[in-house]
Amino acid sequence: MSTIAEPSFPIPHAAPRIRVLIADDQALIRRGMAMLLDAAPDIEVVGQAADGVEAVELARRLLPDVVLMDLHMPRKGGVLATREISAALPHTRVMVLTTFNRDDLVFDAVRAGAQAYLLKDASEEEVLDTVRAVHRGESRLTPQIARKVMDQFRLLADRVAQEPLPAPVPEVRAAPQAAAPGEPLQPDATKPLTEREAAVLELIAKGYGNRQIATALNLAEGTAKNHVSRIMQKLHANTRTELAVLVLKK
């Protein structure tokens with residue numbers, strides 16, 4: 001009697017869970033955040049640190065995808081711990097979660113390499129969404145923090161607008177050529193931002209990713225990515241979240 005073999009189909013592999021390290025000096029906060037994150041099917045808490053020194057040590061040993069970082073901790077603060085983790089572990093992204101929204105702490109954390117800055121009054125869904133966004137390489141700021149950055153950016157823009165512009169120098173240039181796929185854009189730091197680049201920069205400061213920028217400005221995603229690359233080159237920024245801060249520091 002012959003038998004008919006059942007068709008075999010490849011079983012799709014589940015995507016690996018996002019590995020998170022929590023750094024906070026309050027045990028109650030650590031336990032609460034661990035319960036929230038572990039309840040999500042795509043997130044796994046791999047360690048908890050009670051201060052900045054322990055956060056750096058655990059990050060080096062566990063190699064998490066995302067570090068949830070408080071700022072005010074004993075032995076070593078969150079800004080210094082963020083700087084050390086970002087320098088040593090380029091594939092580990094730091095997300096600040098704190099009660100402090102002072103301007104100096106915001107800009108210091110961003111300059112240290114933080115990809116996101118949330119206040120502890122954020123909703124549970126906002127925390128989970130930000131962990132996932134940071135893991136994808138996006139930057140996120142709470143509305144209060146984004147407002148601070150944009151207010152400072154507008155003040156600087158007003159100052160720059162009041163400065164006299166240098167006399168234009170006539171030049172002959174070849175028609176611009178589109179960059180080949182994957183080819184970096186050539187630096188052109190002597191030029192001011194175009195109107196479109198300024199619009200892109202404003203959306204970057206609000207934490208938009210390339211896809212969101214493309215949707216908001218009705219662009220192709222590759223075009224939005226090229227605009228972001230040229231803005232970073234013009235402003236000599238190393239990360240998207242550093243853009244607004246570098247403008248303020250000039």
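1. Start with Leu 63. In this predicted model, Leu 63 sits in the loop between helix 2 (52–62) and strand 3. Is Leu 63 buried or exposed? With a relative accessibility of 51%, and the cut-off for exposed being over 50%, Leu 63 counts as exposed. Its backbone deserves a look as well: phi of Leu 63 is near 50 degrees, which is a positive value in a residue other than glycine. For background, most residues other than glycine have a negative phi.

2. You'll find Asn 218 in the loop between helix 8 and helix 9. Here too phi is positive in a residue other than glycine, with a value near 60 degrees. Because its relative accessibility is 72%, Asn 218 counts as exposed. A positive phi also turns up after helix 5, this time at a glycine: Gly 137 follows that helix, and its phi is near 95 degrees.

3. Now step back and take in the whole chain. The protein has 250 residues, and 41% of them count as buried. Its secondary structure comes to 10 helices and six strands. If you take the contacts with a separation of 6 or more, 62% of them join residues 24 or more positions apart.

4. Next, the inside. As a general point, nonpolar side chains tend to be buried together in soluble globular proteins. The largest nonpolar core here has 21 residues, and Val 20, Leu 37, Ile 43 and Met 95 have the most contacts inside it. Which elements supply at least two residues of this core? On the strand side they are strand 1 (18–23), strand 2 (43–49), strand 3 (66–69), strand 4 (93–98) and strand 5 (116–119).

5. Leaving out residues up to four places away in sequence, Leu 37 touches Val 20, Ile 22, Ile 43, Val 45, Leu 68, Leu 128 and Val 131. Two of those names come back in helix 5, where Leu 128 and Val 131 are buried, along with Val 127, Thr 130, Ala 133 and Val 134. Helix 5 itself has 12 residues and reaches 17 Å from its first C-alpha to its last, close to the 16 Å expected at 1.5 Å a residue.

6. Have a look at Val 67 in strand 3. Val 67 counts as buried because its relative accessibility is 0%. Once neighbours within four places in sequence are set aside, Val 67 is in contact with Leu 21, Ile 85, Thr 92, Arg 93, Val 94 and Met 95. Val 67 and Gln 48 are 19 residues apart along the chain, and 9.6 Å separates their C-alpha atoms.

7. How do helix 7 (residues 195–205) and helix 9 (residues 221–234) cross? Their axes come within 10 Å and cross at roughly 90 degrees, which means helix 7 is roughly perpendicular to helix 9. Helix 7 brings Arg 196, Glu 197, Val 200, Leu 201 and Ile 204 to the contact, and helix 9 brings His 227, Val 228, Arg 230, Ile 231 and Lys 234. Sorted by class, that contact has five nonpolar, one polar and four charged residues.

8. Helix 9 also meets helix 8 (residues 210–217), with axes that come within 8 Å and cross at roughly 110 degrees. Helix 8 and helix 9 are therefore roughly perpendicular to each other. Asn 210, Arg 211, Ile 213 and Ala 214 of helix 8 make this contact with Glu 221, Ala 224, Lys 225 and Val 228 of helix 9. The class count is four nonpolar, one polar and three charged.

9. Lys 234, in helix 9, is buried, with a relative accessible area of 5%. Tyr 208 lies in the loop between helix 7 and helix 8 and is partly exposed, at 29% relative accessible area. Apart from residues up to four places away in sequence, Tyr 208 touches Ser 139, Leu 203, Ile 213, Ala 216 and Arg 240.

Conventions
Residues numbered from 1 in each chain as written. Predicted model: local features only at pLDDT ≥ 70, side-chain atom pairs only at ≥ 80, totals over all residues. Heavy atoms only, no water. Core = buried A, V, L, I, M, F, W, Y, C linked by side-chain atoms within 4.5 Å. Buried < 20%, exposed > 50% of the residue type's maximum accessible area, 1.4 Å probe, protein only. Helix = DSSP H or I, 4+ residues; strand = E, 2+ residues; numbered from the N terminus. Contact = heavy atoms within 4.5 Å. Axes fitted to C-alpha atoms, helices over the stretch in contact; angles between N-to-C directions. Parallel < 35°, antiparallel > 145°, perpendicular 65-115°, else oblique. Nonpolar A, V, L, I, M, F, W, Y, C, P; charged D, E, K, R; others polar. Expected span 1.5 Å × (residues − 1).
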